[in-house]
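Let us take a friendly walk through this structure together. Have the viewer open and follow along as each part comes up.

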Amino acid sequence: MGAYMSEKKYTKDHEWVSIENEIATIGISNHAQESLGDIVFIELPSVGNSVKAKDEICVVESVKAASDIYAPIDGEIIEVNNNLENDAAIINQDAENEGWIFKMKISDSNQYSELMSEDEYKQFLEQ
Amino acid sequence: MPFAGFNMPINYKTGIINEHKNVRNHSGIFDVSHMGQILIENNESYLHKLEKYIPLQLKKLIKNRSHYSFLLNKDGGVIDDLIISNIDIKENSYLYIVYNASRKKEDEEIFISCAPNAEKIYNKNCLFAIQGPDSINVLKNIIDIPNNMNFFDILISKYNNNEIIVSRSGYTGEDGFELSIPNEIAENLITNLLKNENTMLCGLGSRDSLRLEAGLSLYGHELNEKITPIEAGLSWALDKERLEDENLNGNKVLSDQLKNKLSNKKIGLISTSKSMLRDGMTLFDNNNNEIGKITSGCFSPNLKKSIAIGYIISEFNTDNPIFCEIRKKLELVKINNLPFVKKNYKKNGSVYE
């Protein structure tokens with residue numbers, strides 16, 4: 001098939017992004033999940049919306065606070081994780097796999113290359 | 001997170017919801033050493049001066065009992081809410097007062113002006129609360145607790161030959177105890193309590209969701225210097241005889257408020273969606289008129305919905321729908337009687353009056 005699964009990258013807003021065949025899957029990092037605490041609700045983005053990097057596109061509510069989720073790169077929202085509607089705590093259990101939030105068709109793959117690698121993100125967290 | 005000048009944990013490793021449920025079902029331990037604790041000699045002249053601020057008959061307080069009360073400013077507004085107890089320590093009679101960390105400066109100015117030799121004890125005594133239906137069993141293993149001790153009773157007990165102040169009280173709506181423990185033995189005592197596998201350390205996050213479910217007010221949210229205890233729905237805690245006494249700050253304002261209609265009322269709210277109600281959100285009627293604000297909101301682990309306390313204008317007929325502005329959208333919320341979760345105190349007869 002020639003499917004290309006990229007390495008996982010991270011944003012300074014504590015989101016992770018992985019890309020397969022020009023489709024990006026996005027969620028919040030395990031570190032973000034830990035600092036938010038128990039997540040009780042997520043307002044998912046609307047499928048079909050075209051968004052720009054840094055746009056606020058959805059909200060995660062934890063027992064502590066509401067946090068905006070930003071689009072990490074430009075693109076179109078093509079799918080959301082509907083399982084989170086009934087059980088947002090999936091993000092606490094498995095933030096970087098089952099807890100994915102939405103998928104995008106990306107317009108500019110250079111934006112992706114500019115994000116942090118896992119090692120760079122770890123260093124960023126230590127600062 | 002920083003809280004009133006202290007670095008306090010919001011939660012420990014299992015999270016707010018788990019800590020909250022453990023307190024409702026078993027027990028949990030809160031380090032509340034940031035709170036103010038002061039001893040004031042039970043001396044008639046001091047009590048008379050304090051009665052200017054505190055709406056109780058201080059000379060008539062029953063020994064070994066605690067009372068929920070306030071410091072009032074001259075307009076009857078709440079400078080702080082506090083727990084005041086009458087206890088003997090080493091054969092001297094004292095008022096022992098526990099007050100909010102965020103109000104130490106204001107409160108202590110008053111305490112010292114009334115009783116110059118008042119002794120702040122929070123630098124030498126830690127304050128811990130153990131809360132939940134199992135608290136009594138966990139605590140009885142290491143400290144003598146008389147069987148007839150009721151909610152808001154207070155006494156001096158001993159641990160490793162040190163005196164500790166034990167009150168049956170707390171701020172979660174559950175049975176429980178607060179322990180004022182000399183610093184030197186605090187770690188040993190708490191470690192000993194934590195040997196019970198059904199109890200755990202709990203942080204500020206669950207303390208807030210527990211008190212909110214119990215409909216209890218928090219200073220800086222439901223209470224401040226511009227709100228009187230009557231407006232906050234706490235007139236039960238005022239000694240009505242004292243409202244006739246001109247020595248009491250704001251006595252005229254308070255007795256007028258008791259007789260007349262108030263401009264605002266305190267209400268409980270419950271979310272109809274999964275959105276979270278939070279402090280500061282604005283409430284509207286169905287014609288988009290602003291009718292009030294939320295003062296505290298959280299996720300209720302017991303009701304599995306967001307709950308809140310707020311104030312609305314008294315003229316509003318609560319049969320009509322109320323909307324809360326959540327991230328620029330208006331969402332329907334429902335009125336719910338306070339408390340959201342029934343209180344579970346141990347008492348024979350009434351705690352107050």
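**A tryptophan in chain A**

Leaving aside residues up to four places away in sequence, Trp100(A) touches Thr25(A), Ile26(A), Gly27(A) and Asn81(A); two residues are in contact here if their C-beta atoms, placed from the backbone, lie within 7 Å. Before going further, please keep in mind that this is a predicted model, in which local features need pLDDT of at least 70 and side-chain atom pairs count only at pLDDT 80 or more, while totals for chains, interfaces and linings use all residues. Residues are numbered from 1 along each chain as its sequence is written, and chains are lettered from A and ligands numbered from 1 in the order in which they are written.

Back to the tryptophan: Trp100(A) sits in the loop between α3 (90-93) and β9 (102-106) of chain A. Helices (H or I, at least four residues) and strands (E, at least two) are DSSP runs, numbered from the N terminus. Is Trp100(A) buried or exposed? Trp100(A) counts as buried because it has 22 C-beta neighbours inside 10 Å; the cut-offs are 20 or more other C-beta atoms within 10 Å for buried, 12 or fewer for exposed, and partly exposed in between, with C-beta atoms placed from the backbone. Its contact Asn81(A) is 19 residues away in sequence, with 6.6 Å from C-alpha to C-alpha.

Now turn to chain B, which has seven helices and 19 strands. Its radius of gyration is 20 Å, close to the 20 Å that the globule rule gives for 353 residues, so chain B is as compact as a globular protein of that length. (The radius is taken over C-alpha atoms, and the rule is 2.2 Å times the number of residues to the power 0.38.) Along the principal axes, the C-alpha atoms of chain B fill a box of roughly 65 × 50 × 40 Å. Of its 353 residues, 44% count as buried. Among the contacts in chain B with a separation of 6 or more, 69% come from residues 24 or more positions apart.

One part of chain B to pick out is an open sheet of six strands with mixed pairing, in the order β10-β11-β12-β9-β3-β13; strands pair if DSSP finds at least two bridges between them. At the edges stand β10 (154-159) and β13 (201-202) of chain B, each with a single partner strand, so one side of each has no neighbour in the sheet. Strand β3 (residues 28-31) of chain B pairs with β13(B) in the parallel sense over two bridges, and Ile29(B) has Leu201(B) as its bridge partner in β13(B).

Where do the two chains meet? The contact takes 13 residues from chain B and nine residues from chain A. On the chain B side, α1, α6 (204-213) and β16 (290-300) each supply at least two residues.

Finally, some backbone details. Most residues other than glycine have a negative phi, and most peptide bonds are trans. In chain B, a cis peptide bond joins Leu338(B) and Pro339(B), with omega about -5°; Pro339(B) is in the segment after β19 (329-336) of chain B. Asn64(B), in the loop between α2 (44-50) and β5 (66-72) of chain B, has a positive phi near 65°. Asn288(B) has a positive phi near 70°, and with 8 C-beta neighbours inside 10 Å it counts as exposed.
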